[in-house]
Amino acid sequence: MIDNRIKEIREELEMTQQEIGYVFGVSSSTFAGWENGHDIIPLQKLVKFANMYKYSLDYIARLNRVNNYLPISKLNKTKIGKNLHTIRKRLNLTQRDIANECAISQTTYSNYEKGYYLVSTMTLYTICKNHDLSMDEILR
């Protein structure tokens with residue numbers, strides 16, 4: 001589960017779940033699931049939320065107590081994959097090691113590194129949480 005600040009931010013913005021759900025094209029119950037940690041917000045929606053309301057992903061995901069917002073322009077799967085590969089090598093870990101800690105298959109993780117698929121929010125969060133890394137930096 002991702003411990004996030006989405007509810008706190010929404011309340012600071014004085015918006016209802018229905019209003020913010022409308023902004024993101026989802027129902028209020030879908031947004032409520034994201035807020036309560038019952039569902040994982042897709043990375044594209046999380047980045048849109050961060051950029052729209054000027055919050056860093058690390059702050060939203062409680063990886064950092066300070067909001068050091070810098071916009072993330074576009075999610076480039078290839079660049080993100082290269083960043084994941086570089087970090088994994090720097091940590092002296094195998095793809096299997098990362099896949100196991102994220103509870104995904106090695107093939108799935110390999111596809112993230114190759115840029116075939118955009119890394120999932122949960123996988124990115126798990127890697128960052130376990131290794132004291134920045135979601136924002138990996139996505140830039």
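This is a predicted model: local features need pLDDT of at least 70, side-chain atom pairs count only at pLDDT 80 or more; totals for chains, interfaces and linings use all residues.
## Helix 7 against helix 8

Which residues make the contact? Helix 7 supplies Gln 95, Arg 96, Ile 98 and Ala 99. Helix 8 supplies Gln 106, Tyr 109, Ser 110 and Glu 113. By class, this contact has three nonpolar, three polar and two charged residues.

## Helix 9 and its packing

Helix 9 spans residues 121–131. Its buried residues are Thr 121, Thr 123, Leu 124, Tyr 125, Thr 126, Ile 127 and Cys 128. They pack against helix 4 (43–53), helix 6 (77–90), helix 7 (95–102), helix 8 (106–113) and helix 10 (135–139).

Just after helix 9 comes Asp 132, with a positive phi of about 55°.

## The largest nonpolar core

In soluble globular proteins, nonpolar side chains tend to be buried together. Here the largest nonpolar core holds 41 residues. Leu 43, Phe 49 and Leu 139 touch the most other members. Helix 4 gives the largest share of this core, six residues.

What does Leu 139 contact, leaving aside neighbours within four places in sequence? Its partners are Leu 43, Val 47, Leu 57, Ile 72, Leu 75, Ile 80 and Leu 124. One of these, Leu 124, is a buried residue of helix 9.

Methods:
Residues are numbered from 1 along each chain as its sequence is written. Side-chain values use heavy atoms; hydrogens and water are left out. Buried means under 20% relative accessible area, exposed over 50%, partly exposed in between (1.4 Å probe, protein chains only). Helices (H or I, at least four residues) and strands (E, at least two) are DSSP runs, numbered from the N terminus. Contact means heavy atoms within 4.5 Å. A nonpolar core is a set of buried Ala, Val, Leu, Ile, Met, Phe, Trp, Tyr and Cys residues joined through side-chain atoms within 4.5 Å. Ala, Val, Leu, Ile, Met, Phe, Trp, Tyr, Cys and Pro count as nonpolar, Asp, Glu, Lys and Arg as charged, and the others, Gly among them, as polar.
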